[in-house]
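Subject: Structure for you to look at

Hello,

Here is the structure I promised to pass on, with its sequence. Please open it next to this email, and then read on for what turned up.

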Amino acid sequence: MFELFYHPIYTDGIDEKSRFPRQRYKLTKDALDGSKARIRFVRPEMIKIEHIYVAHERNYVDSFINGILTEKEKRKIGLQPWNEKIIDRTRYIMGGSLGALNSAIHSNGISGNMAGGTHHAHYSYGSGYCIFNDLAICAKTALNSYKHIDDVLIIDLDVHQGDGTASIFSDHDNVFTFSMHCESNFPLQKMESDIDVPLKKGVEDIEYLDMLQCNLDRLSEVRSDVIFYQAGVDVLNSDGLGHLMLTQEGLKIRNQMVLDFAKQRNSPLVIFMGGGYSKPIHDTVNAFVDLFEQCAKY
Ligand SMILES: [Zn+2]
């Protein structure tokens, strides 16, 4: 059974006046409740503060948790205006990702978080809707807490580059970062992943999927004991922030290629939700529903 970590605070923890499409979590959950997919929803625990320190500067973590980030630091993150639940929300999302990590490793299978994939968060600051980097926290935790995990592979297919993850692991040999994204998108200043594949604006299904296949072939040479998939759906043609032109069908093929890649390696696989800003919001929701239904068949 595919365990998917979810908490209503994923939506409620963002202020309704924020421009961020906070309803996507609730709508995706509602749609999955009505689906026949074999998914067990699990309510995450709040991450302990010391578990955030494994990937972030203490000072930054403490400032956020104590609600004393500067206006400038908050503006760089976005999601504003912040309501009183933003701190708990962040801790539940990080806890959801850690829960998915533990579930995937213990079952030697697949598990996911219905939020997270916060790849723009850097060691000492947040950015682009990302406060702490759950991919980084999970990678560090996997290496520190599991004797048989020596190498982590991060496959980031969100339309935006995984700059925070790349910078946090720039000098780590045992975390391999792969990011395929649109080059003319946020962040303006890209960081260096182990493999970056910057795509031109307007790339469509066939070119995208060919490029992904070439790179999955390259990744098959990379050692890993657990795989993380940042499965952002902001590559969709109707997305308001991305500049790629994938169809919903193309996106399903993309997901299946990554799932098959991990399956062939008999690897535990952790799914992180990532971006999605389509108008109408239902395009984003449908794409996430597809993703999680595909995961349930892993
Ligand atoms: Zn994104």
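Strands E5 (175-182) and E6 (residues 195-199) run parallel and are joined by five bridges; two strands pair if DSSP finds at least two bridges between them. Ser179 stands opposite Asp196 in E6. Helices (H or I, at least four residues) and strands (E, at least two) are DSSP runs, numbered from the N terminus.

This is a predicted model, in which local features need pLDDT of at least 70 and side-chain atom pairs count only at pLDDT 80 or more, while totals for chains, interfaces and linings use all residues. Residues are numbered from 1 along each chain as its sequence is written, and side-chain values use heavy atoms, with hydrogens and water left out.

In a regular strand the side chains alternate between the two faces of the sheet. Buried means under 20% relative accessible area, exposed over 50%, and partly exposed in between (1.4 Å probe, protein chains only).

Strand E4 (152-156) is covered on both faces: Val152, Ile154 and Asp156 on one side and Leu153 and Ile155 on the other are all buried. The chain crosses from E4 through H8 to E5 in a right-handed β-α-β crossover. Right-handed here means that, with the strands pointing away from the viewer, the path from the first strand over the helix to the second runs clockwise. E4 also runs parallel to E5, with five bridges between them, and Val152 stands opposite Val175 in E5. Another five bridges join E4 to E7, again in parallel, with Asp156 opposite Gln230 in E7.

Now for the metal. Which residues coordinate the zinc ion? They are Asp158 (OD), His160 (ND1) and Asp234 (OD), at 1.9 to 2.1 Å. Donors are N, O and S atoms within 2.8 Å of the metal (3.2 Å for Na, K and Ca); water is not among the atoms, so sites may look incomplete. In sequence the donor residues are spaced D-x1-H-x73-D. His160 lies in the loop between E4 and helix H8 (163-168), and Asp234 in the loop between strand E7 (226-230) and helix H10 (248-264), so the pair ties together parts that are 74 residues apart in sequence. His160 is buried, with a relative accessible area of 6%, and Asp234 is buried at 0%.

Last, the spaces inside. On a 1 Å grid over the protein atoms alone, a cavity is a set of points where a 1.4 Å probe fits but cannot get out, and a pocket is an open set with protein on both sides within 12 Å along at least five of seven lines; lining residues have an atom within 4 Å of a point. Grid points are joined across faces, edges and corners, and a volume is the space filled by probe spheres set on the points.

The largest pocket has a volume of about 550 Å³. Its lining has 35 residues, with Phe20, Leu79, Gly128, Tyr129 and Tyr277 nearest the centre. H6 gives the most to this lining, with four residues.

The largest cavity holds about 30 Å³ of space. Its lining consists of Ile154, Asp156, Gly162, Thr165, Thr177, Phe178, Ser179 and Ser193, and E5 gives the most, with three residues.

Best wishes
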